[in-house]
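Got your viewer open and ready? Let's take a walk through this model, one selection at a time.

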2 protein chains.
Amino acid sequence: MKEVDYKQLLEQKGLKKTKVRMTLIRHFVHLDHAQSYSDLQAALVKELDKSTLYRNLTSFEQAGIIHRINDHSGVAKYAFGESPIEGDDHAHFVCECCETVYCMETPAPGEFNVPEGFKTNKVQTIIRGICADC
Amino acid sequence: MKEVDYKQLLEQKGLKKTKVRMTLIRHFVHLDHAQSYSDLQAALVKELDKSTLYRNLTSFEQAGIIHRINDHSGVAKYAFGESPIEGDDHAHFVCECCETVYCMETPAPGEFNVPEGFKTNKVQTIIRGICADC
DNA sequence: TTGTAAATGCAACTCGGTTGCATTTATATT
DNA sequence: AATATAAATGCAACCGAGTTGCATTTACAA
């Protein structure tokens with residue numbers, strides 16, 4: 001994806017092309033794993049305001065440019081792209097060694113037998129293990 | 001489970017029988033769904049110190065009296081009993097209407113095909129839907 | 001009964017995340 | 001190119017979950 005495309009991506013989603021947003025997109029695009037707020041702060045050392053960052057993460061998420069991941073670490077992480085399996089949730093892999101979070105193409109399983117009266121809408125899955133780098 | 005048993009449960013786990021702990025156990029036992037810190041604070045109006053509460057939640061968890069649940073709400077919740085499926089993780093059901101979290105006996109599925117070099121250890125599952133009460 | 005380690009309560013703190021508001025900036029309009 | 005306007009930014013102040021250090025109290029064993 002080229003610089004020009006980032007601009008188009010923003011325009012297409014009705015978001016203004018600002019310095020902060022371009023920096024953010026550029027950063028997300030070339031990463032294969034999810035980033036938390038503090039990861040982002042550390043990586044983008046340039047003056048980057050906390051609330052500006054959070055507000056942009058939110059609007060990017062709403063625009064489908066990134067998606068929010070909840071591994072079970074207590075802090076939200078974000079990765080480039082909409083949920084790969086449109087609408088539905090894809091699984092996330094958390095490395096128990098380096099804590100890195102990867103998006104898996106593996107779809108969540110369909111069937112879970114819940115008790116009488118319970119209705120299943122969707123299933124979210126976290127896979128824990130060791131990643132290829134560790 | 002009777003009062004006397006609570007005491008035995010604590011002794012057996014090497015935990016001293018204190019007022020706070022008895023109150024906590026008593027509270028957890030007769031609940032069918034998970035409690036967050038603020039749920040507990042609200043329910044146990046009696047003077048209950050924040051750090052004491054957290055420290056007890058931690059030791060109860062280590063002792064296997066309760067287990068910690070991470071639905072994707074951002075706050076940890078706790079429910080009575082060890083993970084029903086010994087060692088392995090059981091699924092948790094989050095009601096999208098009342099936000100209540102229930103433990104499901106349903107085991108997590110075995111097979112997820114992860115990329116080359118990735119090794120799966122365990123799978124954690126959150127089922128979202130509508131509970132029997134809603 | 002008393003000694004001791006563990007449990008409690010309190011205050012102060014960290015950190016993720018949010019909100020209100022004044023200032024700045026992107027962009028559409030002239 | 002100048003300008004009007006709504007949106008984006010930066011800042012400070014705030015909230016709530018969870019943690020830590022420390023002095024005091026309590027359970028329990030000797």
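**Stop 1: a serine in chain A**

Start by selecting A:Ser36, which counts as buried because its relative accessibility is 4% (buried means under 20% relative accessible area, exposed means over 50%, and partly exposed is in between, with a 1.4 Å probe and protein chains only). Before you click on, know that this is a predicted model, where local features need pLDDT of at least 70, side-chain atom pairs count only at pLDDT 80 or more, and totals for chains, interfaces and linings use all residues. Residues are numbered from 1 along each chain as its sequence is written, chains are lettered from A and ligands numbered from 1 in the order in which they are written, and side-chain values use heavy atoms, leaving out hydrogens and water.

Now colour by secondary structure: A:Ser36 sits in strand β1 (residues 35-36) of chain A. Helices (H or I, at least four residues) and strands (E, at least two) are DSSP runs, numbered from the N terminus.

**Stop 2: charged pairs**

Stay on A:Lys77, whose side chain meets that of A:Asp71 in a salt bridge (2.8 Å, N to O). A salt bridge is a side-chain nitrogen of Lys or Arg within 4 Å of a carboxyl oxygen of Asp or Glu. Side chains of opposite charge can pair when their charged atoms come close. Both A:Lys77 and A:Asp71 are buried.

Hop over to chain B and select B:Asp71 and B:Lys77: they form a salt bridge too, with the closest N and O atoms 2.9 Å apart. B:Asp71 is buried at 0% relative accessibility, and B:Lys77 is buried at 8%.

Next, pick B:Glu61 and B:Arg68, another salt bridge, at 3.0 Å between the closest N and O atoms. B:Glu61 is partly exposed at 28%, and B:Arg68 is partly exposed at 40%. Over all chains, the structure holds six salt bridges.

**Stop 3: the DNA**

Show DNA strand C and the 19 residues that surround it; the closest are A:Lys50, A:Tyr54, B:Thr18, B:Ser51 and B:Arg55. A residue is near a strand if one of its heavy atoms lies within 4 Å of it. These residues divide into five nonpolar, six polar and eight charged (Ala, Val, Leu, Ile, Met, Phe, Trp, Tyr, Cys and Pro count as nonpolar, Asp, Glu, Lys and Arg as charged, and the others, Gly among them, as polar).

Zoom in on B:Thr18, where a side-chain N or O atom is 2.6 Å from a phosphate oxygen of DNA strand C. At B:Ser51, a side-chain N or O atom is 2.7 Å from a base nitrogen of DNA strand C.

**Stop 4: two copies**

Notes: A polar contact is a pair of N or O atoms within 3.5 Å; within protein, one must be able to donate a hydrogen and the other to accept it, and residues adjacent in sequence count only if both atoms are side-chain atoms.
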